[in-house]
Amino acid sequence: MDKAEAQAIFDRVAHLARLGPFSPQDRDHMSGEFAKILSLFDVLGQLPSGAPGAGSTRPLSVREDKISPFPPGALVESFPKREGAFLKTPKVIGS
Amino acid sequence: MNIWELSASDLSSKVREGSLRPLEVVNDYFDRIEEVDPGIKSYLSLMKEPAQAQAKALEAKRSQGRSLGRLAGVPVAVKDNILIQDFPTTCASKILENYRGSYTATAAERLIQEDAIILGKTNMDEFAMGSSTENSAFGVTRNPWDRERVPGGSSGGSAAAVAAGLAAAALGSDTGGSIRQPASFCGLVGLKPTYGWVSRFGLVAFASSLDQIGPLTRTAGDAALIFQTIAGPDPKDSTSSPASSVAQEPRTAKGSLKGVTFGVPKEFTEAGGVDPEVAAGVEKAVKVIEAQGATIRPVSLPHSQYSLAAYYILAPSEASANLARFDGMRYGRRSEGAGDDLTALYKKSRSLGFGREVQRRILIGTFALSHGYYEAYYGKAQEVRRRVAADFEEAFRQVQFLLSPTAPTPAFRIGEKSDDPVAMYLSDIFTIPVNLAGIPAASFPCGFTQGGLPVGCQMIGPSGSDLTILDLVGCFEDATDRCFIRPALAGVRS
């Protein structure tokens with residue numbers, strides 16, 4: 001991966017990750033590190049084909065994912081601040 | 001013997017029998033923290049008043065004739081990514097600088113229920129991403145064995161606190177080696193439990209399929225005591241395993257190394273970059289174990305060579321999703337001056353709030369999950385994860401446990417690897433496969449380098465063998481007649 005390609009990918013990913021903007025020096029440095037880390041993953045190309053499918057490796061059983069009855073109004077009642085049928089939340093925009 | 005030199009087990013026995021007062025214990029520890037910790041910087045925040053109040057409550061409980069818990073009066077430090085209600089939980093990040101827990105994590109709650117006393121929250125690599133505790137936004141923790149060196153990470157503050165006698169035991173979290181590697185660097189026992197055996201409720205998520213809370217202690221017996229207290233099913237964690245209830249049952253029999261078969265993975269012994277003194281220390285430990293009647297055999301973990309790459313795709317991928325909530329709106333400190341542009345506000349809050357390593361990992365994870373790269377990176381890494389787990393299953397058909405170095409080197413110098421992320425990632429090469437497979441492993445001290453730095457050996461077992469591992473480590477301690485050796489802390493104490 002050349003420097004221009006690494007920087008283009010870096011810029012796109014930074015936008016997706018909601019990070020930045022970076023100073024030219026930071027962008028240069030971080031995209032270089034980014035490319036170096038990606039090269040660490042090249043070894044995966046040597047993995048023999050015909051592997052088992054992806055998914056969790058956890059060998060344990062977990063609790064059953066079942067639906068249980070929920071008392072009407074319990075969700076609203078569990079909310080710390082209410083006003084009638086409304087839930088009160090802290091003001092975010094313009095606070 | 002000073003109070004702070006007592007093991008957690010001895011301390012709780014003395015408190016329960018009445019020969020030590022809990023308030024005396026707590027005050028002794030805070031005096032020592034005041035004296036020693038400025039030179040180590042293991043704690044980010046202290047809980048002196050609540051700890052003293054709890055100690056007084058314990059004394060009242062005792063005077064009323066009520067029975068005390070199994071950790072009565074044991075002073076414990078808690079890593080700062082584990083919530084304690086109403087107390088700071090910063091994850092060593094600026095973005096959570098003023099955040100206080102709105103509830104208490106199950107693991108911490110279980111310690112409190114057994115009358116342990118929490119002294120404070122310990123330093124760490126930001127959001128548990130790192131292997132040196134240099135990535136903390138609030139300063140570097142120093143290794144009590146050599147203050148020019150790192151204590152390891154990410155649970156470096158917890159490890160340094162226990163090694164320096166600033167807590168009798170500590171909780172850490174381990175996603176890729178973050179309990180075991182600092183235990184190795186600081187001369188402690190550190191357990192990464194079986195995935196699902198300790199509740200993650202109240203642990204700030206880094207990589208949810210890999211994270212586990214576990215103990216850092218001076219002896220295997222103390223690690224078992226803490227582990228038995230915090231393990232067990234928890235309805236508040238959907239990944240909590242019902243099988244973990246076994247860990248809570250009372251135990252009487254002590255293990256023996258005689259007749260146990262251990263495997264030594266050839267990929268680990270043949271790995272390049274292992275410090276000769278570490279290799280020699282582990283080899284010596286293997287010989288001690290063999291002399292106790294155990295059988296040692298070579299085994300193979302053929303896919304372990306792919307583990308590091310797979311881990312640094314999977315963990316950052318999960319981190320990029322878990323840390324998306326820290327945007328200055330939903331969670332985290334909001335940065336001013338972004339005008340009316342919401343995206344600009346998110347970006348500014350995250351860029352100023354997260355440190356360099358956290359940003360780096362979010363970027364890697366976002367990349368690995370993005371369109372066009374997902375199958376080649378994330379899909380392939382999941383495939384490696386399955387194969388690594390299958391390798392361990394095959395190994396455990398041949399032997400009962402595995403032995404390896406915990407880390408390729410002893411504690412390295414502060415700043416030595418901080419400009420080279422790939423070199424830093426290699427610190428975890430022997431610990432990462434264990435997290436990928438979800439199985440338990442403990443690091444235990446097996447010797448020292450000529451320069452006086454601790455060397456750690458890792459014992460790995462099949463799922464659910466956590467307490468047996470600690471029993472066997474206890475047998476190694478007995479065989480070597482080894483009690484905890486304390487660092488001299490030269491130049492720290494006034």
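The model is predicted.

**Aromatic pairs**

Begin with the rings: a search of the whole structure finds 21 aromatic pairs over all chains. Select B:Phe127 and B:Phe354, which form an edge-to-face pair at 5.8 Å centre to centre, with 75° between the planes. B:Phe127 belongs to the loop between strand E3 (117-122) and helix H5 (156-163) of chain B, and B:Phe354 to the loop between helix H11 (342-353) and helix H12 (356-369) of chain B, so the pair ties together parts that are 227 residues apart in sequence. Both B:Phe127 and B:Phe354 are buried.

Next select B:Phe185 and B:Phe412, an edge-to-face pair with 5.7 Å centre to centre and 90° between the planes. Because B:Phe185 lies in helix H6 (residues 180-186) of chain B and B:Phe412 in the loop between strand E9 (401-405) and helix H14 (421-425) of chain B, this pair ties together parts that are 227 residues apart in sequence. B:Phe185 is buried at a relative accessible area of 1%, and B:Phe412 is buried at 3%.

**Charges over rings**

Then move to B:Trp4: the charged end of B:Arg32 sits over its ring, 3.4 Å from the centre.

**A buried proline**

Select B:Pro433 in helix H15 (residues 432-437) of chain B. With a relative accessibility of 1%, B:Pro433 counts as buried. Setting aside neighbours within four places in sequence, B:Pro433 is in contact with B:Phe268, B:Ser307, B:Val388 and B:Phe392. For a distance check, select B:Arg147 as well: 286 residues separate B:Arg147 from B:Pro433 along the chain, and their C-alpha atoms are separated by 30 Å.

**Helix H12 of chain B**

Now display H12(B), whose 14 residues reach 20 Å from first C-alpha to last, close to the 20 Å expected at 1.5 Å a residue. Is this helix largely enclosed or exposed? Of its 14 residues, 12 are buried, so H12(B) is largely enclosed by the rest of the structure. Among the buried residues are B:Arg360, B:Arg361, B:Ile364 and B:Phe367. Show both chains to see what packs against the buried residues of H12(B): helix H1 (3-16) and helix H2 (24-40) of chain A, together with helix H10 (307-322), H11, helix H13 (374-398) and H14 of chain B.

Finish on B:Phe367, which ring pairs link into a cluster with A:Phe10, A:Phe22, A:Phe34, A:Phe41, B:Tyr373 and B:Tyr377.

Note on methods. Residues numbered from 1 in each chain as written. Chains lettered and ligands numbered in written order. Predicted model: local features only at pLDDT ≥ 70, side-chain atom pairs only at ≥ 80, totals over all residues. Heavy atoms only, no water. Phe/Tyr/Trp six-rings, centres within 6.5 Å; stacked < 30°, edge-to-face > 60°. Helix = DSSP H or I, 4+ residues; strand = E, 2+ residues; numbered from the N terminus. Buried < 20%, exposed > 50% of the residue type's maximum accessible area, 1.4 Å probe, protein only. Lys NZ or Arg CZ within 6 Å of the ring centre and 35° of its normal. Contact = heavy atoms within 4.5 Å. Expected span 1.5 Å × (residues − 1).
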